[in-house]
Amino acid sequence: MVELAFSILAADFAHLADEVAAAERGGGTIVHVDVMDGHFVPNITFGPPVVKALRPVTKLPLDCHLMIERPDDYIAAFAEAGADMISVHQEVCRHLHRTLQLIADHGMKPGVVINPGTPVDTLIEVLPMVHHVLVMSVNPGFGGQKFLPFTLEKMAYLSELRHEMRLNFRIEVDGGVAHDTVAQVVEAGAEMLVAGSAIFGPGGAEANAKDFLAAARTAEARVEAEDDPENDEE
Ligand code: DX5
Ligand code: ZN
């Protein structure tokens, strides 16, 4: 089942609660929170206080994407602030297994993220312990960048691995996912679809979220019809 994880990075920060409510009315089911430290990525955004402020204004799960160095130092603070899911970048975790375990020990769902240039094979050993794998389809740091099509193969490969290894982690995609790319990512196997500028751009979050999800569900229905053996033509 595809879901919209709307990224508040592109929202109007002066009216964050209203923006979240609008995206939720439009069908968004996950709040994606982009945490940047100015070291791992060039940009700086927000941290646990913003998660804490969001917690009482929505029942939706808060999916925190940590684009920060030394994520272990902040996991307890995100848990206390009310985060439901935490994803950490493979590129910053020297002890990836330990960090993912730490997230789970704090009662949150652990996810691992890979940059466009990082191979899926670096994750094989931790796949059994993650709730989701986030495939970056842009280099992290900014919203509104152009989707990198070669990352589609990584989503499809993860989907194959999940089947072969009999696992059930979810596949999330982030960066440049919009009307023109949503069908391709769904066809490649992504289910948690992060979108920022496509939702909080002109048109309003409610209407944009509805349009986005309609396109995602059309692609999903097509994939399901193709996978259904009853539709095989001999
Ligand atoms: C990029 C962030 C994304 C960003 C996506 O570093 O991780 O979540 O908000 O923005 P769009 O959807 O505009 O590419
Ligand atoms: Zn993100």
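Which residues coordinate the zinc ion (ligand 2)?

## Zinc site

In this predicted model, the zinc ion (ligand 2) is coordinated by His32 through NE2, Asp34 through OD, His65 through ND1 and Asp174 through OD, at 2.0 to 2.3 Å; donors are N, O and S atoms within 2.8 Å of the metal (3.2 Å for Na, K and Ca), and since water is not among the atoms, sites may look incomplete. Along the chain these donors follow the spacing H-x1-D-x30-H-x108-D. His65 belongs to strand β3 and Asp174 to strand β7 (residues 170-174), so the pair ties together parts that are 109 residues apart in sequence; strands (E, at least two residues) and helices (H or I, at least four) are DSSP runs numbered from the N terminus.

The arrangement is octahedral because the six donor atoms subtend angles of 69 to 167° at the zinc ion, where octahedral means six donors with opposite ones over 155 degrees apart and all others between 65 and 115. His65 and Asp174 are both buried, that is, under 20% relative accessible area (1.4 Å probe, protein chains only).

## Conventions

Residues are numbered from 1 along each chain as its sequence is written, with chains lettered from A and ligands numbered from 1 in the order in which they are written. Local features need pLDDT of at least 70 and side-chain atom pairs count only at pLDDT 80 or more, while totals for chains, interfaces and linings use all residues, and side-chain values use heavy atoms, with hydrogens and water left out.

## Largest pocket

The largest pocket has a volume of about 300 Å³; a pocket is an open set of points on a 1 Å grid over the protein atoms alone, where a 1.4 Å probe fits, with protein on both sides within 12 Å along at least five of seven lines, and lining residues have an atom within 4 Å of a point. The volume is the space filled by probe spheres set on the points, which are joined across faces, edges and corners. Of its 25 lining residues, Gly143, Gly144, Asp174, Gly175 and Gly176 are the closest to the centre.

At least two lining residues each come from β2 (30-36), β3 (62-67), β8 (192-195) and α7 (197-200). The lining divides into 13 nonpolar, ten polar and two charged residues, with Ala, Val, Leu, Ile, Met, Phe, Trp, Tyr, Cys and Pro counted as nonpolar, Asp, Glu, Lys and Arg as charged, and the others, Gly among them, as polar.

## Cysteines

The structure holds zero disulfides, a disulfide being a pair of cysteine sulfur atoms within 2.5 Å. The sulfur of Cys93 is 15 Å from the closest cysteine sulfur, in Cys64, too far for a bond. Cys64 is buried, with a relative accessible area of 0%, and Cys93 is buried with 11%.

Methods: Tetrahedral: all angles 85-135°; square planar, octahedral: opposite > 155°, others 65-115°. Buried < 20%, exposed > 50% of the residue type's maximum accessible area, 1.4 Å probe, protein only.
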